[in-house]
Amino acid sequence: MRKALITGITGQDGAYLAQLLLREGYEVYGLLRRSASAELIGERLRWLGVIDDVRLIDGDLSDLSSVLRIMAEVKPDEVYNLAAQSFVHASWQQPLLTGNITGIGAVNVLEAVRLVHPAARFYQASSSEMFGKIQAALQNETTPFYPRSPYAAAKLYAHWMTVNYRESFGLHCSSGILFNHESPLRGIEFVTRKVTDGVARIKLGLASELKLGNLDATRDWGHARDYVRAMWLMLQQETPDDYVVATGRTTSIRALCAMAFGYAGLDWTAYVHTSSDLLRPAEVDVLHGDATKARTTLGWAPTCTLEEMVAEMVEADLARHRARTATRPPTEALLAGG
Ligand code: GDP
């Protein structure tokens, strides 16, 4: 049985990837950083119904000795490095932590592969944020990078170290430059989930407005379930390489709002307000990917449209809020005013 090790297994992509690998017959191991909120740790794996099928091992990406120990214990055929401090806005508040986890953390995993188990195939979760202030209207593998946040700069370091370990040591290291990918499991701090959660709250009378930042930015949004398949396909290739993964369609935050509120029968202009507190010190105005290489070499293509994904996310958030309000204990209901 093939074995896979996933860092960041409790995140959105980790959960979908674990589900895919289990279906493909893998034994799936996940590196787990213990935290005080233990019951929340497996929330996404639980939502997908795979929590009991994965093996979680205590360890921390920023602690090389724990990564070395896990690599020696598991000896995985494939290693997927998805762990990161992944929220761009927070990276200005915690630039060093972001550098340690998102940048150095990746190199800890690369070092563990090189020193302990060089036969493993390695996947690095690179990001379209590395294109930042875009240098070409459509971004592909040859487009120069121009990071615009501590997060993007840390991702760029990890990306080039992945390329470097492939070229220096002949390791099977691939990097997926993934454009934004979302789902009902996306963290609430990201704009898609913030919008679909806001739509659900407003629709159910739990909120009356939604505060957002820059509505003019555009993103190339795909579904995480499609994107984890691209990760897996990269590690099935004889030759390691780097690939852009994107839908090829870019949409503004404004149009996303119209779509999500419209799905629930609401006029977004009546509810969305902007706040300068939510603007970023430096913005990535446009991301628009060209995934021709992934399509032709990997045979990968997205299966879910933005409209379908937004509908799935709004439905999931409506269901979550309905379930929460239905089970709310009477005292809590009284304290919250009804
Ligand atoms: P990112 O592309 O990885 O930074 O993903 P996000 O979902 O966090 O942000 C996507 C875009 O939405 C960025 O250009 C943000 O400036 C913009 N945006 C506008 N309002 C908000 C907001 O309230 N929250 C977040 N997270 N992003 C917002």
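Trainee: Before we start, what should I know about the numbering and the model?

Mentor: Residues are numbered from 1 along each chain as its sequence is written. The model is predicted, so local features need pLDDT of at least 70 and side-chain atom pairs count only at pLDDT 80 or more, while totals for chains, interfaces and linings use all residues; side-chain values use heavy atoms, with hydrogens and water left out.

Trainee: Okay, domains. Which stretches make up domain 1 and domain 2?

Mentor: Domain bounds come from an automatic or database domain assignment. Here, that assignment gives 3-182 + 222-245 for domain 1 and 191-219 + 250-285 + 305-335 for domain 2. Their C-alpha centres lie 28 Å apart. The contact (heavy atoms within 4.5 Å) takes 14 residues from domain 1 and 15 residues from domain 2.

Trainee: Which residues of α11 are buried?

Mentor: Buried means under 20% relative accessible area, exposed means over 50%, and partly exposed is in between, using a 1.4 Å probe and protein chains only. In α11 the buried ones include Leu306, Met309, Met313, Leu318 and His321. Among the elements covering the buried residues of α11 are α7 (191-203), β12 (251-252) and α9 (253-263).

Trainee: And what is a nonpolar core?

Mentor: It's a set of buried Ala, Val, Leu, Ile, Met, Phe, Trp, Tyr and Cys residues joined through side-chain atoms within 4.5 Å. The largest one in this model has 46 residues, and Ile6, Leu17, Leu21, Tyr80, Tyr123 and Trp300 touch the most other members. Elements giving two or more residues to this core include β1 (3-7), α1 (12-23) and α8 (224-235). Helix α8 gives the most, with 9 residues. There's also a second, separate core of 26 residues, which includes Trp221 and Trp268.

Trainee: What does Trp300 touch?

Mentor: Leaving aside neighbours within four places in sequence, tryptophan 300 is in contact with residues including Tyr227, Leu233, Val245 and Ala294.

Trainee: How many disulfides are there?

Mentor: A disulfide is a covalent bond between the sulfur atoms of two cysteines. The test is a pair of cysteine sulfur atoms within 2.5 Å, and a search of the whole structure finds 0. Take cysteine 257: the nearest cysteine sulfur, that of cysteine 304, is 19 Å away. Cysteine 257 is buried, with a relative accessible area of 0%, and cysteine 173 is buried too, at 1%.

Trainee: Where is lysine 75 found, and what is its phi?

Mentor: Lysine 75 sits in the loop between α4 (64-74) and β4 (78-81). Phi of lysine 75 is near 45 degrees, a positive value in a residue other than glycine. At 42% relative accessibility, lysine 75 counts as partly exposed. Beyond four places in sequence, lysine 75 is in contact with Lys3, Ile70 and His117.

Trainee: Is histidine 89 buried or exposed?

Mentor: Histidine 89 counts as buried, at 17% relative accessibility. The loop between β4 and α5 (95-116) holds histidine 89. Not counting residues up to four places away in sequence, histidine 89 touches Asp277, Leu278, Leu279 and Arg280.

How values were computed. Helix = DSSP H or I, 4+ residues; strand = E, 2+ residues; numbered from the N terminus.
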